[in-house]
Amino acid sequence: MAKPQINPSILSADFARLAEETAKVSNADWLHVDVMDNHFVPNLTLGLPVVEAIMKASDTPVDAHLMIEDADRWAPAYAEAGAGSVTFHVEAAAAPVRLARTIRAAGARAAMALKPATPIEPYEDLLPELDMILVMTVEPGFGGQKFLDIMLPKIRRTRELIGKHGLDLWLQVDGGVSAETIERCADAGADVFVAGSAVYDGRDPGAAVDKLRALADQATGQAAWACGH
């Protein structure tokens, strides 16, 4: 079983000092970069040039979360640019299997995200084509939102499907993840955690990463899904 991973979201960082902000979380497993186009979600953040600049400024691999329309067209470029993981939203993909294979062929991990209202069950057969599934625990578009507890059963069902097929598939959660919520997510089956304000709103982002990882590690060690019960 893989150790829990903490992916700080730079959406909550100081965009004017991104190189410094990424250096503060050099102990993170990945840098989570939210790309929003003001169409798929009602917010506009950054695009491929800034992601490329972040990759030059940091040795931590980039986890690119694309909240954009026409993912089939745009997502492969992020993999080709060197992002270690590229997440597309299934709601924005016309051909998710082909897209996942294209991302993998470009050298990145292929991940698929689900909005809160999108069920996992219709996509069970797609899971072997993926390296990670992202269950959004807020409505995508803005940082700092409150965690949606009603997503915990969906996380559990997703973990059960992963186990059912014996897949080595990471299960990521994104939205409202903090010291108060990360243990519930880990207990439900998540093993990759995106945290924005919980990391960057404090004085020591690196220490916040360590704290979140310790909480997730402890909860995972006690979770039924991880113990094989």
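Biologist: Let's start with two helices: is the crossing of H2 and H3 left-handed or right-handed?

Modeller: Keep in mind that this is a predicted model. In it, H2 covers residues 48–57 and H3 covers residues 71–81. Their crossing is right-handed.

Biologist: How are H2 and H3 oriented relative to each other, roughly parallel or roughly antiparallel?

Modeller: The axes of helix H2 and helix H3 come within 10 Å and cross at roughly 20 degrees. Angles under 35 degrees count as roughly parallel. That angle therefore makes H2 and H3 roughly parallel.

Biologist: Now for H3 and H4: why do they count as roughly parallel or roughly antiparallel?

Modeller: Helix H4 spans residues 96–105, and its axis lies 8 Å from that of H3. The two pack at an angle of about 15 degrees. Angles under 35 degrees count as roughly parallel, so H3 and H4 are roughly parallel.

Biologist: Which residues of H4 make the contact with H3?

Modeller: H3 passes H4 in a right-handed crossing. From H3, the contact uses Ala71, Asp72, Ala75, Pro76 and Ala79. The contact divides into six nonpolar, one polar and one charged residue. On the H4 side, the residues are Leu99, Thr102 and Ile103.

Biologist: Which elements give two or more residues to the lining of the largest pocket?

Modeller: The largest pocket holds about 260 Å³ of space. Of its 25 lining residues, the closest to the centre are Gly143, Gly144, Asp174, Gly175 and Gly176. The elements asked for are strand S2 (31–36), strand S8 (192–195) and helix H7 (197–200).

Biologist: And how many charged residues are in that lining?

Modeller: The lining of the largest pocket has 11 nonpolar and 11 polar residues. The charged residues number three.

Definitions and conventions
Residues are numbered from 1 along each chain as its sequence is written. This is a predicted model: local features need pLDDT of at least 70, side-chain atom pairs count only at pLDDT 80 or more; totals for chains, interfaces and linings use all residues. Side-chain values use heavy atoms; hydrogens and water are left out. On a 1 Å grid over the protein atoms alone, a cavity is a set of points where a 1.4 Å probe fits but cannot get out, and a pocket is an open set with protein on both sides within 12 Å along at least five of seven lines; lining residues have an atom within 4 Å of a point. Grid points are joined across faces, edges and corners, and a volume is the space filled by probe spheres set on the points. Helices (H or I, at least four residues) and strands (E, at least two) are DSSP runs, numbered from the N terminus. Ala, Val, Leu, Ile, Met, Phe, Trp, Tyr, Cys and Pro count as nonpolar, Asp, Glu, Lys and Arg as charged, and the others, Gly among them, as polar. Axes are lines fitted to C-alpha atoms, for helices over the stretch in contact, and angles run from 0 to 180 degrees between N-to-C directions. Angles under 35 degrees count as roughly parallel, over 145 as roughly antiparallel, 65 to 115 as roughly perpendicular and the rest as oblique. A crossing is left-handed if the near helix is turned anticlockwise from the far one by less than a right angle, and right-handed if clockwise. Contact means heavy atoms within 4.5 Å.
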